[in-house]
Amino acid sequence: MSSNKKKQAELIEEISGVNPLKCMKCGKCSATCPSYNEMDIKPHQFVSYVINEDVESLVNSKSLWKCLSCFACVERCPRDVKPGKLIDAARQMVVRQRNNTYLSPDEIPELLDPELPQQLLVSAFRRYRR
Amino acid sequence: MQRIGVFVCHCGSNIAATVDVSKVAEMALMEPGVVHAEDYQYMCSEAGQAKIADAIHEKKLTGIVVCSCSPRMHEATFRKAAERAGLNPYMVEIANIREHCSWIHKDMEEATKKAVILMRAAVAKVNLNTPLQPGESRVTKRALIIGGGIAGIQTALDIADAGYEVDIVEKTPSIGGRMSQLDKTFPTLDCSACILTPKMVEASAHEKIKIYTYSEVENVSGFVGDFTVDIRKKARSVDMDKCTGCGVCQEKCPSKKAPSEFNRGLNNRSAIYTPFAQAIPNVPVIDREACIKFKTGKCGICSKVCQAGAIDYEQKDEIITEKYGAIVVATGFDTINLDKYDEYAYSQSKDVITSLELERVMNAAGPTHGHLERLSDGKAPKEMVFIQCVGSRCSDDRGKPYCSKICCMYTAKHAMLIRDKYPDVNVTVFYIDVRTPGKNFDEFYRRAVEQYGVNYIKGQVGKVIPQPNGKLLVQGSDLLDNRQILKEADMVVLATAIEPNPDVRKIATMLTASIDTNNFLTEAHAKLRPVESPTAGIFLSGVCQGPKDIPETVAQAGAAAVKAIGLLAKDKLMTNPCTAHSDELLCNGCSTCENVCPYGAITYEDKEVNDHGIREVRRLAVVNSALCQGCGACTVACPSGAMDLQGFSNRQIIAEVDAICR
Amino acid sequence: MQELINRAKEMLDDGTVARVLGWKAGDLPYNPEPAYFEDAESLKDFVYNGFCGANLSKYMIEASKLEGKTLVFLKPCDTYSFNQLIKEHRVDREKAYIIGVGCKGKLDIEKIRAQGIKGIESIEGAEITDDADTLKVQTIYGEKSCAYADAMLERCHVCKGKEHKIYDEQIGESKETKDGERFDEVARIEAMAPAEKFAFFQKELSKCIRCNACRNVCPACSCRKCVFDSNKFDSAQKANVDSFEEKMFHIIRAFHVAGRCTDCGECSRVCPQGIPLHLFNRKFIKDIDELYGEYQAGDDTESKAPLTNYTFEDAEPSIVGKRG
Amino acid sequence: MSIENKSFRPKIVAFCCNWCSYAGADLAGSSRLSYPADVKIIRVPCSCRVNPMFILRAFEKGADGVIMCGCHPGDCHYSTGNFYARRRMTLLFSMLDYIGVENGRTRVEWVSAAEGVKFSDTMNSFVEKIYSLGENVRLGDLRCRN
């Protein structure tokens, strides 16, 4: 069981490319987060959850789907830890587990605004196809 | 054939835990020329050195290999030991089996194998070593200090008090440096100027100290004991001998729109100016960029009002060339540029300031005459927010990876002073960690919290948003209460990271002193030689070597002075005998080597040679061994292989290569 | 040719020069060799024709040590070597009287033989004054012919130009012979796969018999004592066939002359095994031109050589891998 | 690092200048930043002391890789040494590449005295490269006589 927890934490690190040990617990991510009040686990806590190998709680958290992927925390993190990437990776894990329940390309409405940032699209798909 | 002794050091368990030292000694006996090999607990100890001496006597050794720590650590120790035992010190070579072997490898078999190979390479080299005799060079008994801040002033005073001549070169119009810009100092809350200005006066009045302000080091040549330095004295446009420092010119100057460097650009100064009232020398400078006379040719008011006739618009930059035995770098620091930290709105609001700017605001001689007020509207602030670690401890490319060290303490100082003087002002400090090691430091910080009610919140600020009503919305997080904070503030103070003065890289290059990726000058040894540069004769004082506060700076300044005095006290220096020399019979006289010599140590002479019976006059390269520093550039440039380097000869290096590849 | 002899006689007679450095006929019609002529009488053997490829600059090192001036005949490409030797203080300009001679491309007997022309008795059309585009070759099998251009040395196809870079006087016209690009062959090899490059050079270098002809003829290889003959590098272990110098000789030699080699092509001309040795030197020249700006050794006597010069922005060695 | 062919242990010679890179290697050591034991360091006063002949000699004697480390350009203890070294090595490496010797076998890195981490990283990646290239047969085989 514990090795499974470890694997999950490692998977998150691998998907996100983030080394959570670089975090110096400054809290700038939480300070900068526009969704902070909606979140049950706060951005700076994502990091310690991964360090403590408690990916399960992260995956089951409200925060997972409250993160706007605005990447303000990624932009401003002084230590290159980028909690936004961790949460994104956790979402990817969920998406992967659900296999083929997510959108297929031909389901994408044709009238999408071409100016729309791709990042927003991707994160929107992940959020609304729960 | 040499008679070589090999000595393998255990270094306690530092080497012996990963390298089978007795095996290395055993293998050494199979190497050509080796007549003695042994291993011992600590070769560098007195007993260890005695073993070397005994073996030299008993086995009539002509060469020594010590397998131990880095030659940068103990080469000198073992060479001296050999010399005391009657062997030429340059017959000693070190095989580095600690830093380059035992400390980085875990597998004993592998590390031992490598140690044997390193030993073989050293033995192969020693087999080709020849006794070398160091030459002598003279010591110019004068020191140069680059930078006239507290570090430079203190070093200069200490050296001068020991009886040696000292010159200070300061880039700005006055000595004093950053400390002169500070209001109070932690943890005693002394007035900065009150403790600094007496030192400035003392330095300027000292008969052994000469101060070149508004001057820069332009070129450095030579080497330890005998540097030649060109100093550019920038045109001041004021005759220093005639000026009485009355200040009338500054009052009457019609151009008053140049940002004051001393006040960090928070207010303006006249085109002819002294940076601050206690400036030394108290002689103004004309800023030619701002001066109407220089821009349009008309004006000349300062010249008209100057009763001493000291104004000289024709003055030109002057180059002074002087010789020095030692050079101390004391170039100090600046705060980093905040362009990359737009989230703190520094460029958007006048009420977001750096801590150094706050020093000027708090200072009676500053732009607000010491009144704490918003720079946008002059109103007294009610809510003040301090943000720590702005640009410090960043591993991205926006800031600096190191801790700037002084910010925690000066922020506590600022918070305390504000709460003391303006009790109705709320002060909030957003911190990541509060770092207060040092005598009376933590007590100081606790006083700010307990006695003065400064509100410390653990959590970095995410952004500062200027509001239409002129306030600043600070969005932070409180990590301990796990809540996000939105706070309206009247002023925000950024504890901006410090960085070495940007000019230091240029200076380091001139001095050939090593410098790290953060532009801090590298010390010769992090623990044991913290005030010396690896380049002989160059010493480090103050923040140019790493972040430090005033007491530490003064302590290091004194230490650098002692090191410089130790050098100046010598009459003669032994020169490195590992210099280039040219084989007369092989030299083509082609001048290729001369072109790559950085020291001008190679000249050409027409000399008569006897080349196996052929007597003829040839143009030959001659190396001045006093000038040669032994880099070896010429040896590779030489097409015929005539030029070789003593101590690192072609054959020696090839023997090492062969031994490693065997 | 007669004009050269007349002028040489004149200068010997009036004592301007003590000797003449030129070429004299060899035992075969196509192998004239460098020679000193000390009097008018000896000049009867003097020749100057299409086979006088030999670059006389290097001989001026020794001639500079002799009493009096030496009259030397230099072709346009030879003058680069002479300039380079002045730069390196190896020749004395004051001791030389340089007559820049015209050149219409020098011939390579191997190129003629390669066209199946064997048993050569005489060759017509190689004289410098001949305007013919064709060589008539009398052989023991009868008369054969061959286009002049097809018999030219490789270096003449990429000729650096008709201009003499240094001279006291000029005699004779030169002809444009360039019909190829100097670096084409180098570029062709550069484009090969590593294994292919290696196979190419291994094949070529394996022909080497270490006769040292390339070194002896090279005007840049003018060291009093070659590193390969000194014990300074442990590189002179003659007994060991598998020794350092055997393997690395040509690379090291090319490196030693890098930035100094004028690309005179003498090494390839004299190699008895026909190894295209100039491909090493020219690779360095191409790299120097591309990385540090165009540089022609011997263009002048003052400029800094590329290997004794630098800029802060110089390419890093890793560029080698990046260029692909 | 994955070492596929365990029986192959490369010989790697590293030339390090005394003032920066050798000190950087010392720092790597005192910081216990490991790199494979295949690397053996030769101390030279300056990178400009490294004669291309030394490098060819190493290859000829069986080295599988040669790396030269010096002070960063502009930081040379002797002011200009590494500038000359940079040109020399660029031309030498280009020549080796030209005759078909794999370019990965030679490298130049600028490592300051403060860059222990860089030194160790550099050596790790260089050794890995040499493992991937395998034994150096070409320079040993490039002889003038068969």
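In chain C, residues 24 or more positions apart account for 66% of the contacts with a separation of 6 or more, two residues being in contact if their C-beta atoms, placed from the backbone, lie within 7 Å. The model is predicted: local features need pLDDT of at least 70 and side-chain atom pairs count only at pLDDT 80 or more, while totals for chains, interfaces and linings use all residues. Residues are numbered from 1 along each chain as its sequence is written, and chains are lettered from A and ligands numbered from 1 in the order in which they are written.

Chain C contains 12 helices and 9 strands; helices (H or I, at least four residues) and strands (E, at least two) are DSSP runs numbered from the N terminus. Along the principal axes, the C-alpha atoms of chain C fill a box of roughly 60 × 50 × 40 Å. Of the 324 residues of chain C, 45% count as buried. A residue is buried if 20 or more other C-beta atoms lie within 10 Å of its own, exposed if 12 or fewer, and partly exposed in between, with C-beta atoms placed from the backbone. C:Asp92 counts as partly exposed because it has 16 C-beta neighbours inside 10 Å. This residue, C:Asp92, is located in the loop between helix 3 (76–87) and strand 5 (96–101) of chain C. C:Asp92 and C:Ser64 are 28 residues apart in sequence, yet their C-alpha atoms are 5.5 Å apart in space.

Chains A and C do not touch, and their nearest C-alpha atoms are 27 Å apart. No contact joins chain A and chain D either, the closest C-alpha atoms lying 16 Å apart.

In chain B, 4 strands form an open sheet in the order 2-1-3-4 with parallel pairing; two strands pair if DSSP finds at least two bridges between them. Strand 2 (34–40) and strand 4 (92–96) of chain B stand at the edges, each with a single partner strand, so one side of each has no neighbour in the sheet. Strand 1 (residues 4–9) and strand 2 of chain B pair over 6 bridges in the parallel sense, and B:Val6 stands opposite B:Ala37 in strand 2.

Chain D has an open sheet of 4 strands in the order 2-1-3-4, with parallel pairing. Its edge strands are strand 2 (39–44) and strand 4 (106–110) of chain D. Strand 3 (residues 65–70) of chain D is joined to strand 4 of chain D by 5 bridges, and D:Cys69 stands opposite D:Glu109 in strand 4.
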